[in-house]
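Reader: I'm new to this structure and would like to understand the words used for it. Could you walk me through them?

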Amino acid sequence: MNNTALQTIATKALPALSGEQVTYNAAKNVFLSQGYTSAAGNMYYKAIRLSNRLVVYYDLGQGYAYTFLNGIKLYCFDGQKANLIAQKYWGGYDYRIFSEQFAKEQSILMLKSFLEGQLKIQGARVSDQELICFARGMIEETQRKQLA
């Protein structure tokens, strides 16, 4: 994907951040929102990965010792805007220390579940293995390096 196409997608897909400024972190290959600091001193922000079809938002919290995964939202991109298709939250006693692998696997399972629902609506059948492979491929598309 070229930079112009990526910027077009980002401009249309990222307004869901409600006007937050977003920067690209090339080392981590992710867009990061500006975030805010809570009264307790924890930093909260979003990490965003996207392809031309999918946007993955990680809601993160940075404590004194760990980065926590507070939630994941998946949006599909229909060429005009991003539409929420799945979301999952952790918090309280069910908190998750952030791990790229855990976040990726959860994203794959969330996308698989959404696709299963779409297949059911259409009366179509696809094997679990094919569905997982397809969902994995779509999530991995969002993780490919987008900008030089």
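**Terms and the values behind them**

Author: Gladly! Let us start with a pair: Lys-104 and Glu-140 form a salt bridge, and their closest N and O atoms are 2.8 Å apart. The two residues link distant parts of the chain, with Lys-104 in helix H2 (residues 100-122) and Glu-140 in helix H3 (residues 128-143), 36 residues apart. Please keep in mind that this is a predicted model, in which local features need pLDDT of at least 70 and side-chain atom pairs count only at pLDDT 80 or more, while totals for chains, interfaces and linings use all residues. Residues are numbered from 1 along each chain as its sequence is written, and side-chain values use heavy atoms, with hydrogens and water left out.

Reader: Why is the pair of Lys-104 and Glu-140 called a salt bridge?

Author: The term asks for a side-chain nitrogen of Lys or Arg within 4 Å of a carboxyl oxygen of Asp or Glu. Lys-104 and Glu-140 have their closest N and O atoms 2.8 Å apart, so the pair meets the rule. In general, side chains of opposite charge can pair when their charged atoms come close. By this rule the count comes to 7 salt bridges.

Reader: What makes Lys-46 and Asp-59 a salt bridge?

Author: Their closest N and O atoms are 3.9 Å apart, and the cut-off is within 4 Å, so this pair is counted.

Reader: How do you know which stretches are helices and which are strands?

Author: Both are DSSP runs, numbered from the N terminus: helices (H or I) have at least four residues and strands (E) at least two. The chain comes to 3 helices and 8 strands. From the N terminus on, the order is α-β-β-β-β-β-β-β-β-α-α. Strand S8 (residues 96-97) holds Arg-96.

Reader: Is Asp-59 buried or exposed, and how do you know?

Author: Buried means under 20% relative accessible area, exposed means over 50%, and partly exposed lies in between (1.4 Å probe, protein chains only). Asp-59 has a relative accessible area of 14%, so this residue is buried. Lys-104 is also at 14% and therefore buried, whereas Glu-140, at 28%, counts as partly exposed. Of the 148 residues of the chain, 36% count as buried.

Reader: What makes Lys-112 and Asp-128 a salt bridge, and how do their accessibilities compare with the cut-offs?

Author: The closest N and O atoms of Lys-112 and Asp-128 are 3.4 Å apart. The pair links distant parts of the chain, with Lys-112 in helix H2 and Asp-128 in helix H3, 16 residues apart. Lys-112 counts as buried at 11% relative accessibility, while Asp-128 counts as partly exposed at 48%. Salt bridges that share partners join Lys-112, Glu-116 and Asp-128 into one network.

Reader: What is the volume of the largest pocket, and why is it called a pocket?

Author: Its volume is about 190 Å³. Of the 13 residues that line this pocket, the closest to its centre are Lys-28, Leu-32, Tyr-45, Leu-60 and Phe-98. Strand S2 (30-33), strand S4 (43-50) and strand S5 (54-62) are the elements that give two or more residues to the lining. As for the name, on a 1 Å grid over the protein atoms alone, a pocket is an open set of points with protein on both sides within 12 Å along at least five of seven lines, whereas a cavity is a set where a 1.4 Å probe fits but cannot get out; lining residues have an atom within 4 Å of a point. Grid points are joined across faces, edges and corners, and the volume is the space filled by probe spheres set on the points.

Reader: What makes Asn-29 worth a look, judging by its phi?

Author: Phi of Asn-29 is near 55 degrees, a positive value in a residue other than glycine. Most residues other than glycine have a negative phi. Asn-29 lies in the loop between strand S1 (22-25) and S2, and at 12% relative accessibility Asn-29 counts as buried.

Reader: Which residues is Arg-96 in contact with, leaving aside its neighbours within four places in sequence?

Author: They are Thr-67, Phe-68, Leu-69, Trp-90 and Phe-102, where contact means heavy atoms within 4.5 Å. Arg-96 counts as partly exposed, at 32% relative accessibility.
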